[in-house]
Amino acid sequence: GSEELRRRMVTFDDICRLDDKNLRPLVVSLPYADWAAALAGAGETAAGNVTRLMPEDVRLIVKDLLVNKPEEGKIISARAKIISAAIDFNAKGRIVLKEAA
């Protein structure tokens with residue numbers, strides 16, 4: 001249905017590009033281990049946007065975890081988890097996901 005379509009339209013990259021107000025609720029409510037796996041290979045900008053919203057101690061752990069790239073399957077499932085959470089938060093009105101142009 002439309003939910004499925006939305007899920008395909010929202011990319012992990014889109015989420016990392018959200019402004020602080022919309023990104024922060026996701027950053028704080030998902031385990032940092034998921035973010036660390038999801039951010040592997042996502043690029044400097046994406047990682048920077050997300051990690052600067054974390055408490056300093058957590059940020060250091062995540063930066064540390066990013067050094068050892070997890071296997072592909074872990075990255076994909078972590079990203080899927082974050083995308084699902086973002087769609088859920090958006091549906092509940094907690095954040096606003098910009099529609100992909």
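The model is predicted. The chain has seven helices and zero strands. Buried residues account for 39% of its 101 residues.

**Overall fold**

- From the N terminus on, the order of elements is α-α-α-α-α-α-α.
- Take the contacts between residues at least 6 apart in sequence: 73% of them join residues at least 24 apart.

**Crossing of α4 and α7**

- Helix α4 spans residues 32-39, and helix α7 spans residues 72-91.
- Their axes come within 7 Å and cross at roughly 120 degrees.
- An angle over 145 would count as roughly antiparallel, and 65 to 115 as roughly perpendicular. The α4 and α7 helices are therefore oblique to each other.
- The α4/α7 crossing is left-handed.
- On the α4 side, the contact is made by Asp34, Trp35, Ala37 and Ala38.
- On the α7 side, Lys74, Ile75, Ala78, Arg79, Lys81 and Ile82 take part.
- By class, the residues of this contact are six nonpolar, no polar and four charged.

**The aromatic pair**

- The structure holds one aromatic pair.
- Phe12 and Trp35 form the pair, with 6.1 Å centre to centre and 45 degrees between the planes. The arrangement is tilted.
- Phe12 sits in helix α2 (residues 12-16) and Trp35 in helix α4, so the pair ties together parts 23 residues apart in sequence.
- Both Phe12 and Trp35 are buried.
- Trp35 also belongs to the α4 contact with α7.

**Leu23 in α3**

- Leu23 lies in helix α3.
- Its relative accessibility is 0%, so Leu23 counts as buried. The cut-off for buried is under 20%.
- Leaving aside neighbours within four places in sequence, Leu23 contacts Ile15, Cys16, Leu18, Trp35, Asn49, Val50 and Leu53.
- Trp35, one of these contacts of Leu23, is the Trp of the aromatic pair.
- Leu23 and Val50 are 27 residues apart in sequence. In space they are 7.5 Å apart, C-alpha to C-alpha.

**Buried residues of α5**

- Helix α5 covers residues 44-51. Its buried residues are Ala46, Ala47, Asn49, Val50 and Thr51.
- Asn49 and Val50 are also among the contacts of Leu23.
- What covers the buried residues of α5 includes α2, α3 (20-29), α4 and α6 (56-67).

Conventions
Residues numbered from 1 in each chain as written. Predicted model: local features only at pLDDT ≥ 70, side-chain atom pairs only at ≥ 80, totals over all residues. Heavy atoms only, no water. Axes fitted to C-alpha atoms, helices over the stretch in contact; angles between N-to-C directions. Helix = DSSP H or I, 4+ residues; strand = E, 2+ residues; numbered from the N terminus. Parallel < 35°, antiparallel > 145°, perpendicular 65-115°, else oblique. Left-handed = near helix turned anticlockwise from the far one by under 90°. Contact = heavy atoms within 4.5 Å. Nonpolar A, V, L, I, M, F, W, Y, C, P; charged D, E, K, R; others polar. Phe/Tyr/Trp six-rings, centres within 6.5 Å; stacked < 30°, edge-to-face > 60°. Buried < 20%, exposed > 50% of the residue type's maximum accessible area, 1.4 Å probe, protein only.
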